[in-house]
Amino acid sequence: QVQLVESGGGLVQAGGSLRLSCAASGRTFTIYHMGWFRQAPGKEREFVAAIVKAGGSTYYADSVKGRFTISRDNAKNTYLQMNSLKPEDTAVYYCTADPIRVPTLDGRFWGQGTQVTVSA
């Protein structure tokens, strides 16, 4: 099992940037594929980005391609660099880990989320 804690959310103006972090603890970090999802008020949770165990291949939702970048290091951290933020990016952002599947549809373990608010 792995525990996930997100940080880095906050309030930013449109066009600005934020960097989210996800700190993992518990079982060996490198056995998990990692991902980010988000949920806006009144909407269902949606996929944002994912990265495979070895840190090579990455996947992105069309809505964030070219603006967001997912990465991971060897110290159990996963990051989501968000640039050119738009008001429609406002949501609670969740980190997820899965030992088997790349989490583009769902994940096995989840963090508590961090709020990102983008003002117009």
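Predicted model: local features only at pLDDT ≥ 70, side-chain atom pairs only at ≥ 80, totals over all residues.
A charge is taken to sit over a ring when NZ of Lys or CZ of Arg is within 6 Å of the ring centre and within 35 degrees of the ring normal. Arg45 is another case: its charged end sits over the ring of Phe37, 5.8 Å from the centre.

Phe37 also turns up in the ring-to-ring contacts. The structure has three aromatic pairs. Take Phe37 and Phe47: their ring centres are 5.7 Å apart and their planes meet at 70 degrees, so this pair counts as edge-to-face. Phe37 belongs to strand E4 (residues 33-39) and Phe47 to strand E5 (residues 46-51), so to speak two distant parts of the chain, ten residues apart, linked by the pair. Both of these Phe residues are buried; for Phe37, the relative accessibility is 2%, and the cut-off for buried is under 20%.

Phe37 pairs with Trp110 as well, again edge-to-face, with 5.2 Å from centre to centre and 70 degrees between the planes. Here the partner sits in strand E10 (residues 109-110) while Phe37 is in strand E4, so the pair ties together parts of the chain that are 73 residues apart in sequence. Trp110 has a relative accessible area of 25%, which makes this residue partly exposed.

Put together, Phe37, Phe47 and Trp110 make up one aromatic cluster, and Phe37 is the ring in that cluster with the charged end of Arg45 over it.

Notes. Residues numbered from 1 in each chain as written. Heavy atoms only, no water. Phe/Tyr/Trp six-rings, centres within 6.5 Å; stacked < 30°, edge-to-face > 60°. Helix = DSSP H or I, 4+ residues; strand = E, 2+ residues; numbered from the N terminus. Buried < 20%, exposed > 50% of the residue type's maximum accessible area, 1.4 Å probe, protein only.
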